[in-house]
Amino acid sequence: MKPGSKVMLGAAVALPWLFIWQGVDVTDQGYLLTIYRQFLHHPESVGQAAHMWLTNLLGGLWDAAFGGLGVIAHRAQWAVCLSLGLWIAFRAVRRVTHANAAAVAVLATSLFVCNRRETWFSYNVLTALLNAGAVAFMLRGLAEKRARFLVLSGVLLGLSPFARLPNVLGLALLCGPLFVALIDPPRRATCLREIGLLLAGVLGGAAAALSIMAASGCFPVYRASLLGLFAPEVAKTGD
């Protein structure tokens, strides 16, 4: 990789850390950080937010380790996730183009995201990280015809809806092998197997999440929150 590409990539992954020191938010930030603080010890107290189980779990674990640093700790968690996601995206894009183009792309993305989004850990940055990982593993699995990377991609896709429910739409990525088969007709012979590997990973990821929930006693709270999203009074009011 050329020096220019290294500089741009370094700037892209370092940029989020410049934004964790500025600004104060007492709406969504305070709401989410309160959930993280409560989740590990009193999951029933988070109420309607319990369906964001994976987000709450990771936020709670981070708070248990670094909560003494206050708000800045969860801003650092955001920066860690975003920097890691950008690095993963660079590695994925570099597979289909050259390093300079990939570095420019992630630098532009970093500049836009850091200036236009929240700067604390939430389901937004976790969703981006999970999707980046899923795409990177899928590209490698399809390019190298290696089953384990397809399964890992599926695992991340299976976990993603537990960060927030709308992420279930990410399962559309299961169509990835179909596009490969369309571009490369000989790959049609392995298309169904590749989709099956992805689906196995999805089921494995979902099963792992549900098993951890059941073991920790969080499943009843998660179920109640999930069903609450479709309650008639919620649909009627739009809340």
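Of the 58 residues in the largest nonpolar core, the ones touching the most other members are Trp 53, Leu 54, Trp 78, Phe 90 and Phe 162. A nonpolar core here is a set of buried Ala, Val, Leu, Ile, Met, Phe, Trp, Tyr and Cys residues joined through side-chain atoms within 4.5 Å. Keep in mind that this is a predicted model, where local features need pLDDT of at least 70, side-chain atom pairs count only at pLDDT 80 or more, and totals for chains, interfaces and linings use all residues. Residues are numbered from 1 along each chain as its sequence is written, and side-chain values use heavy atoms, with hydrogens and water left out.

**Core and cysteines**

- Trp 53 touches Phe 39, Phe 162, Ala 209, Ile 212, Met 213, Cys 218 and Tyr 222, leaving out residues up to four places away in sequence; contact means heavy atoms within 4.5 Å.
- The disulfide count is 0, where a disulfide is a pair of cysteine sulfur atoms within 2.5 Å.
- Cys 191 is in no disulfide, and the nearest cysteine sulfur, on Cys 175, is 9.2 Å away.
- Cys 191 counts as buried at 6% relative accessibility (buried is under 20% relative accessible area, exposed over 50%, partly exposed in between, with a 1.4 Å probe and protein chains only).
- Cys 218, one of the contacts of Trp 53, is in no disulfide either, with the nearest cysteine sulfur, that of Cys 81, 20 Å away.
- Cys 218 is buried too, at 8% relative accessibility.

**Helix 2 and its partners**

- Helices are DSSP runs (H or I, at least four residues; strands are E, at least two), numbered from the N terminus.
- Helix 2 (residues 28-39) and helix 4 (residues 71-94) have axes that come within 11 Å and cross at roughly 95 degrees. Axes are lines fitted to C-alpha atoms, for helices over the stretch in contact, and angles run from 0 to 180 degrees between N-to-C directions.
- Helix 2 and helix 4 are therefore roughly perpendicular (65 to 115 degrees; under 35 is roughly parallel, over 145 roughly antiparallel, and the rest oblique).
- On the helix 2 side, Gln 29, Leu 33 and Tyr 36 meet Val 71, His 74 and Arg 75 of helix 4.
- By class, the helix 2 and helix 4 contact has 3 nonpolar, 2 polar and 1 charged residues. Ala, Val, Leu, Ile, Met, Phe, Trp, Tyr, Cys and Pro count as nonpolar, Asp, Glu, Lys and Arg as charged, and the others, Gly among them, as polar.
- Helix 2 also packs with helix 3 (residues 53-66), at about 75 degrees and with axes 7 Å apart. That makes helix 2 roughly perpendicular to helix 3.
- In this pairing, Ile 35, Tyr 36, Arg 37 and Phe 39 of helix 2 meet Trp 53, Thr 55, Asn 56, Leu 57, Gly 59, Gly 60 and Asp 63 of helix 3.
- The residues of the helix 2 and helix 3 contact split into 5 nonpolar, 4 polar and 2 charged.

**Helix 1**

- Pro 16 sits in helix 1 (residues 3-18) and is buried, at 0% relative accessibility.
- Leaving out residues up to four places away in sequence, Pro 16 touches Trp 78, Ala 79, Leu 82, Ser 83, Leu 86, Ser 110 and Cys 114.
- The C-alpha atoms of Pro 16 and Cys 114 are 5.9 Å apart, although 98 residues separate them along the chain.
- Ser 5 is another helix 1 residue, also buried at 0% relative accessibility.
- From Ser 5 to Leu 226, 221 residues along the chain, the C-alpha separation is 44 Å.

- Thr 119 lies in the loop between helix 5 (99-116) and helix 6 (123-144), yet is buried, with a relative accessible area of 10%.
- Beyond its neighbours within four places in sequence, Thr 119 contacts Phe 19, Arg 75 and Trp 78.
- Lys 145, in the loop between helix 6 and helix 7 (147-159), is exposed, with a relative accessible area of 59%.
- Phi of Lys 145 is near 55 degrees, a positive value in a residue other than glycine. Most residues other than glycine have a negative phi.
- Glu 194 belongs to helix 9 (residues 188-216) and is buried, at 3% relative accessibility.
- Setting aside residues up to four places away in sequence, Glu 194 touches Leu 142, Leu 150, Pro 177 and Arg 187.
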